[in-house]
Amino acid sequence: MSARETEKALRYITALDSARSEDRWVEVPELIRKVTKHAPHRKCLIQTANAECLIVAHISNKRSSTSLSTESGHQSSNLSDLIPLLLSVIEEAEGLPQDVFQAQACLGWVHWTLSEPGLADLRLPKNFDDGMMSKLSEGEQSLSRWTEVCVVKGCYLKGTSQYLVNGRHHALQTFKAVLPWLTALSQQSLSSPQFLQWSERLLAKAAVLANEEASASDCTASQESAEIALKAFRLWSSHPLVKQKDLLSATQVVGPVEPASQLSTWMSYYNLLSAIVQQGLNYVPPAEGRTRAQLANEIRRVEAICESVLLSEVRFPRANSRSSQVESWVEQVIRNWEVLCGPNWRDEDFGEGGQNAVGKNVLDILYRAATKTYHSHLILRRLFHVHSALAEFELAVRALDSYIEIVLSAKDRAEKSAETGELENDETLLQTVSEGIILLCCFGSYREAEKAKSLIEILDKYIRKYVSLDSDVSDDDEGPPKQERHSHDLDQVAPRVIAMAYRAIGIGLANWSRWTLMNESRDDIRAEAIENLERSVAPKWGEQHNLSTLYALALIYAEGRDLDGAITHAKTALATIASYSAGTSLVLDHARLSHERDLVPLWHLLALLLSAKQEFDIAGRSCEAAFEQFPVAAIASGHSERHSTRHMQQNNEKKQHDSIDSRKDFISNLRGREKERILETRMTQLALIEVLDGPEAALNHSDQLISLFAALFENMDLEVVNGKKVKYEHLVPPKSSAGTVKSLRGSIFGRKKGSRIRERRGDPGSDFGNSSIVPIKEITDDAEGPMIQVTDEDRGISSQHPPTIGRLGTAQRHSSHKLHKRRGSIVDPVRSPSQESKIRVKDGLDSDAASTDVMPLKQPLRRNSEGDPSIEEIGIAVSDTPSSTPSPTVPKPSAKQLPPPVTHNMKHIREPQPASHPKQPPEQDVRLPANYRFESPTRAITAFPVVHAQNHALSILVKVWLLIAGLYRRASLFEDSREACEEAAKQASRFEALVASQESSARAFLERVWGVGKSSEGLWGDVFAERGALSQAQGLPHDALELYEEAITHYPDHPKATVGLANLLLDIWEEKIPAEPPQPSLEADLSNISLGDAPRHTSSFQPTMSTKSSTTTGPTERKQQKKPDDGSMFTKDSPESLNRLAARDRAYFLLSALTKLGSSWDDSEAWFALARAYEAGGQIQKSKDVLWWCVELEDRRPIRHWWNLGTGGYVL
């Protein structure tokens, strides 16, 4: 037929095709006339073009005209007349296949315009697949431009009609068939306005329907539909009309449904990506590369476009209404943020900025959304959540304050008048305020504890609306909460939220009991806290096995010295975790892994409780149980022989899982609080070893503590003042042949000197000599990873004392030493644990562990020449406060002594490897399951800034070095203790430099950072206090005075420094030491000078009474001593007497203020020193009362303070 057409006819046909494609409908009638004149045989083409002109005119009139309905009905009847004409030309099928196809598309368009989707589906071609395309292009080089328009228009009309008539499935099949053809089209086709209009609508409809199908189908169908939707959305988002953001320039469409708006399509696209993120649907990346990075980039790009379109279309609401569209959008953003910043995603998945950049972007979205809302409760609440997760706690508290003020004001207005706007749900209010209280108690200090106390009043007010307080504890039914008489019209609150509110009240009150300055009200506050926590675990709320509540209950009972109640709750929590783990499959379950991670603080708390009952052996096993969930490489060098042997048998089965890469991945997922609690548990193990075997044995294991810190914080990029990076290689000391105190001392400080441990006994086979030396086997070369192995090569010497850490065999109990305090404190008999008590991981602890029979230890203490306990045995592990300064007449302990006999377990001809050798000492593998506990009020993990994480790590490192310094001091290794203090001072200087880099002000140095246990001045106080204790142990009381003064200058309420200073001031009052340092005599006896003696101050001060220190005076001798007479040497008004009075009065005021603080209300050393001050002032009855209080405190005192469980307080 084309041969019959003249050149002019072909030109007019091409012009007609182009005019329709380019939306120039004004030219179409004239072109139809010319085609009719020059090609009258193209009847199908001519009738189709005429019908299309009428349809366009009908649509234009319907859109712009305000004519009467009768005129609209007349136009509709005109369109109906087109149907027979088009049917006749289609049935005749005269013309090219493309002309017939265009007529079918036009007929379907007529039915669609007349709102007849069923007939439109029937008249349009059945398929739009590749077969139809091949049939249309038969005999032709390519499809005409208008035919391409008819393809996309017909597919859109048919698919949408099928959706309206038969549902999504058939429509998706139609759309799916044409998507490959659309993808392969050239840019020339995309330049046609009509093609752009219909293709945009086709892609938008296909994507939206596929997204709906993915949300409503099963797993397999959802994956397939999600892939179709992703493909369609990407094609739609790259469409020229979408990029131009101009969907109204082309001809409008009239039909049974309106085309989707651009905003709704973008929102559907975002909903699809959100479903992929939240539900874990299969994601097909647009290009090769990292899948998660491309998903994060795509969702962020779509998120930005959605926000821009939404904010441009939404208007500011009225004061009494809410912008529901904006708030729904905000909730969707928050749900995605909780997943992207949760435990399953990492910084590497996002590229530059990591998860912190995602959180900052969400924060910007919230603030921009606030400009389109009026006092939105939701946005303020979410600002509190996001600021908290970004560790911007000050801004989070401000957002919480704004939220509470607006919500409570609205509720108060609603109670006074009937005219109200949108009110916040009481359940949401209770939950948000509870989250705020827990956040303040977890990361804050005194000011935050006071703030939490004020929020408790809000919870108490609203919780009374729903719960009858007289039935909270008495009723054990599991029914719903009882409502008050007039609360039938109030919102119902879920039992879970009621339990959470009670838990927040209990934690807030317990935390306030730590900080309150009113000692007389502390017990009442604690009792109220226990009452609320007990309500939280009532069966009717369904939270009786909540680990956070049980942990808080156990800790607050422990602080109140109710050890049996604390052990009961700790055992319940451990049994809950064990039963949960046993009943859960081994599939990746973050809730199960979170419960397993909670074992560390729970076992640590149980160990402290058992140590308070003098059950040191079981306490050591509790610490071991905390590490049993760790990989073998993490615990092989830190546990007892029995424990190591058991795990070494499992080592071959787990070697393939303990690779270096997986270990680093695991450590990178640990949060700072988790690392701190792991280290605190290890410190408690060292304290238990010190009690049982002495400080020397604990020093043998202190290198493991340093290595553990280096492994946990190996990714901390610390900077010193001069800008050089600090690496932790120096923290991992290489092991020597024997692993003695000598080798440890030489390796940590890089020196090779003789040991300064005094020879304890002359007999090489004595019990103490064996218990002090822990042989360590040399590292083998054929092991996959270096690991310390314990052997018994020298069983002939030390068979009764196998190497342990935190645990001793039952055969060793007879050789353990008693726990003593200095002579100035209350002496509490030490009890030995029963041999029959055992700990089971599954059940927590045997029920009779708390009431185990005890028997006194038999190993006698080493005594000096006068029968008093030697200074090394005083203050082990329990008391860090040094004893009173020894008198100059008593020989001071010297650090330069011969070492005890060393038991070697390697050949004497083999030397240890140098520090630079490639085969370095073993590193501990401390992998744990993924983190999933309280880090922020939402599922997102709190992302602390790098500087904050470095501050936290440095504060822990200072504490580690000071612990080691104390061990050296109590072992009389004074030089090593001094160098450990210097290491702590270096880390304190780095901490101070980091604080100064952020804010250089007195407030910044004095106040604690959120989530960090110490401030910069507090750390310096710790360092100077330990230096003072070291000087005091060396017999240099005036040097100790200066150091203690320096400590309280940095931190005025420092407990250890205040007690040490007060004891020295009372020694001045009692004339045990002079008020001023004695001047050295110029007439020295040169014949008595020894070059080997340590320099010491000589004194010509001779008081009337014995100058022996209270630590070197036996109880019988003390009773025989007379109380110093105030005027024994000086007149009442002499400067010396006034100095003594000033020292006594200052000691009293220091101690009186200290014991009122929350940090020292249970410090028995401070109370005992206060008793001395009362006695010195003649207040005997007060002194007796304080001494009885000391007895109560000492009776059930743990080996370390309860606050050493780690930062976070009562929050698990």
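Tutor: Happy to. Helices α42 and α43 cross in a left-handed sense, where left-handed means that the near helix is turned anticlockwise from the far one by less than a right angle, and right-handed that it is turned clockwise. A word on the source: this is a predicted model, in which local features need pLDDT of at least 70, side-chain atom pairs count only at pLDDT 80 or more, and totals for chains, interfaces and linings use all residues. Residues are numbered from 1 along each chain as its sequence is written, and side-chain values use heavy atoms, with hydrogens and water left out.

Student: Which residues make the contact between α42 and α43?

Tutor: On α42 they are P1037, A1040, L1041, Y1044, E1045, A1047 and I1048, and on α43 they are K1056, A1057, T1058, G1060, L1061, L1064, L1065 and I1068. Contact means heavy atoms within 4.5 Å. By class, eleven of these residues are nonpolar, two polar and two charged. Here Ala, Val, Leu, Ile, Met, Phe, Trp, Tyr, Cys and Pro count as nonpolar, Asp, Glu, Lys and Arg as charged, and the others, Gly among them, as polar.

Student: And at what angle do the axes of α42 and α43 cross?

Tutor: Roughly 140 degrees, and the axes come within 9 Å. The axes are lines fitted to C-alpha atoms, for helices over the stretch in contact, and angles run from 0 to 180 degrees between N-to-C directions. The two helices, α42 and α43, are therefore oblique to each other; under 35 degrees counts as roughly parallel, over 145 as roughly antiparallel, 65 to 115 as roughly perpendicular and the rest as oblique.

Student: What about α17 and α18, at what angle do they pack?

Tutor: Helix α17 (residues 377-389) and helix α18 (residues 393-416) pack at about 160 degrees, with axes 8 Å apart. That makes α17 roughly antiparallel to α18. The crossing of α17 past α18 is left-handed. Contact residues include L380, L383 and F384 of α17 and L395, A399 and Y403 of α18. By class, that contact has eleven nonpolar, four polar and one charged residues.

Student: Changing topic: how many helices and strands are in the chain?

Tutor: The chain has 47 helices and four strands. Helices (H or I, at least four residues) and strands (E, at least two) are DSSP runs, numbered from the N terminus. Of its 1212 residues, 57% count as buried, where buried means under 20% relative accessible area, exposed over 50% and partly exposed in between (1.4 Å probe, protein chains only).

Student: Is A607 buried or exposed?

Tutor: At 1% relative accessibility, A607 counts as buried. A607 lies in helix α26 and touches A619, S622 and C623, leaving aside residues up to four places away in sequence. A607 and T684 are 77 residues apart in sequence, yet 8.2 Å apart in space, C-alpha to C-alpha.

Student: Where is Q614 found?

Tutor: Q614 sits in the loop between α26 (599-612) and α27 (616-626). Q614 is not a glycine, but its phi is positive, near 65 degrees. With a relative accessible area of 9%, Q614 is buried.

Student: And S115, what is its phi near?

Tutor: Near 60 degrees, a positive value in a residue other than glycine. S115 is in the loop between α5 (97-113) and α6 (117-123), and at 41% relative accessible area S115 is partly exposed.
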